[in-house]
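Have the structure open as you read.

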Amino acid sequence: SSGINAEYGDTSLGGRVAEELLAGNDSEVGTTVVEQVDHVNRLAKVLIEENGYSRKQGFVRYSDSHLKNIETTHLIQAEIKELLAERHQIVKREMAAHKSQLMRMKDTLVAYKSLTGEECRTVFSGGRLTRQPSEGLPSSD
């Protein structure tokens with residue numbers, strides 16, 4: 001395990017990876033993606049610095065510790081960068097393996113604007129939606 005909650009952190013990285021795969025340019029990402037990357041950076045920092053999930057430093061909490069100094073700060077920052085780069089590659093590899101489903105999802109979202117969770121699962125599995133794009137989301141009644 002990388003020390004990061006994979007499902008939570010990888011979900012946050014997924015938006016950036018999707019834009020990279022669909023736009024083909026990792027330097028042009030939207031505001032929401034920037035917020036997601038900021039969020040996953042904060043998560044990694046909390047895990048490593050405050051919860052002791054460091055591969056290199058071991059189970060040490062630096063957030064309220066006299067052990068934290070400029071050297072450990074640099075080590076923590078390097079470990080955060082390494083961890084996020086590793087998770088980014090894992091997410092990118094997984095999403096690239098499903099690029100056709102990602103493209104189908106993108107095209108469907110462009111046409112429908114919003115999808116329910118069930119509709120996302122239908123599109124991802126190759127199924128067709130039962131409603132027309134002009135009908136809007138089904139009611140939750």
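## The second largest pocket

Lining the second largest pocket are Arg104, Thr108, Tyr112, Val123, Gly126, Gly127, Arg128 and Leu129. A pocket here is an open set of points on a 1 Å grid over the protein atoms alone, where a 1.4 Å probe fits, with protein on both sides within 12 Å along at least five of seven lines; lining residues have an atom within 4 Å of a point. Its volume is about 150 Å³, taken as the space filled by probe spheres set on the points, with grid points joined across faces, edges and corners. Helix α4 gives the largest share of this lining, 3 residues. Helices are DSSP runs (H or I, at least four residues), numbered from the N terminus.

By class, you get 3 nonpolar, 3 polar and 2 charged residues in that lining. Ala, Val, Leu, Ile, Met, Phe, Trp, Tyr, Cys and Pro count as nonpolar, Asp, Glu, Lys and Arg as charged, and the others, Gly among them, as polar.

## How to read the model

This is a predicted model, so local features need pLDDT of at least 70 and side-chain atom pairs count only at pLDDT 80 or more, while totals for chains, interfaces and linings use all residues. Residues are numbered from 1 along each chain as its sequence is written, and side-chain values use heavy atoms, with hydrogens and water left out.

Thr108 sits in helix α4. It counts as buried because its relative accessibility is 11% (buried means under 20% relative accessible area, with a 1.4 Å probe and protein chains only). Not counting residues up to four places away in sequence, Thr108 touches Lys113, Leu115, Val123 and Leu129; contact means heavy atoms within 4.5 Å.

## The largest pocket

The largest pocket holds about 320 Å³ of space. It has 12 lining residues, and Gly14, Val91, Glu94, Met95 and Phe124 are the ones nearest its centre. At least two lining residues come from each of α1, α3 and α4 (99-112). The lining splits into 6 nonpolar, 3 polar and 3 charged residues.

Now for the cores. The largest nonpolar core has 15 residues, with Ile80 and Met95 making the most contacts inside it. Such a core is a set of buried Ala, Val, Leu, Ile, Met, Phe, Trp, Tyr and Cys residues joined through side-chain atoms within 4.5 Å. Three helices, α1 (6-23), α2 (31-50) and α3 (70-97), each put in at least two residues, and α3 gives the largest share, 6 residues.

Ile80 touches Asn41, Ala44, Lys45 and Ile48, leaving out residues up to four places away in sequence.

His88 belongs to helix α3, and at 15% relative accessibility it counts as buried. Beyond its neighbours within four places in sequence, His88 is in contact with Leu13, Arg16, Val17 and Glu20.

Where does Ser54 sit? Ser54 is in the loop between α2 and α3, and it is buried, with a relative accessible area of 9%. Its side chain makes a polar contact with the side chain of Glu79 (2.6 Å), and also reaches the backbone nitrogen of Lys56 at 3.3 Å. A polar contact is a pair of N or O atoms within 3.5 Å; within protein, one must be able to donate a hydrogen and the other to accept it, and residues adjacent in sequence count only if both atoms are side-chain atoms. Ser54 and Leu83 lie 29 residues apart in sequence and 9.8 Å apart in space, C-alpha to C-alpha.

Technical notes: Buried < 20%, exposed > 50% of the residue type's maximum accessible area, 1.4 Å probe, protein only.
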